[in-house]
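This briefing describes one chain, topic by topic. Please look over the sequence and the model before reading the points.

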Amino acid sequence: MLSYLAALALGLIGIYKLREGLLIIQNYNDAKEEQLLRAQIEADTDIISKNSEQCKTFKQAV
């Protein structure tokens, strides 16, 4: 009976350790994805600030 309880306890500990490891991996992947999204947003804002040949330029009124 004691061996069954010990096996159950070790199994539960193993499940929670596995869960903790998977959460660490998920947080790492989320941070990497957020960093990629930020880089993509910064790249999109650079496009707006550049003057292209198709855009008409605005002159400042004096």
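The model is predicted, so local features need pLDDT of at least 70 and side-chain atom pairs count only at pLDDT 80 or more, while totals for chains, interfaces and linings use all residues. Residues are numbered from 1 along each chain as its sequence is written, and side-chain values use heavy atoms, with hydrogens and water left out.

**Overall fold**
- Of its 62 residues, 0% are buried (under 20% relative accessible area; exposed is over 50%, partly exposed in between; 1.4 Å probe, protein chains only).

**Salt bridge**
- Side chains of opposite charge can pair when their charged atoms come close.
- One salt bridge is found in the whole structure (a side-chain nitrogen of Lys or Arg within 4 Å of a carboxyl oxygen of Asp or Glu).
- Arg38 pairs with Glu34, and their closest N and O atoms are 2.9 Å apart.
- The two residues, Arg38 and Glu34, lie four residues apart in helix 1, which means about one helical turn separates them.
- Arg38 is exposed at 52% relative accessible area, whereas Glu34 is partly exposed at 42%.

**Leu8**
- Leu8 belongs to helix 1, which spans residues 2–49.
- With a relative accessible area of 51%, Leu8 is exposed.
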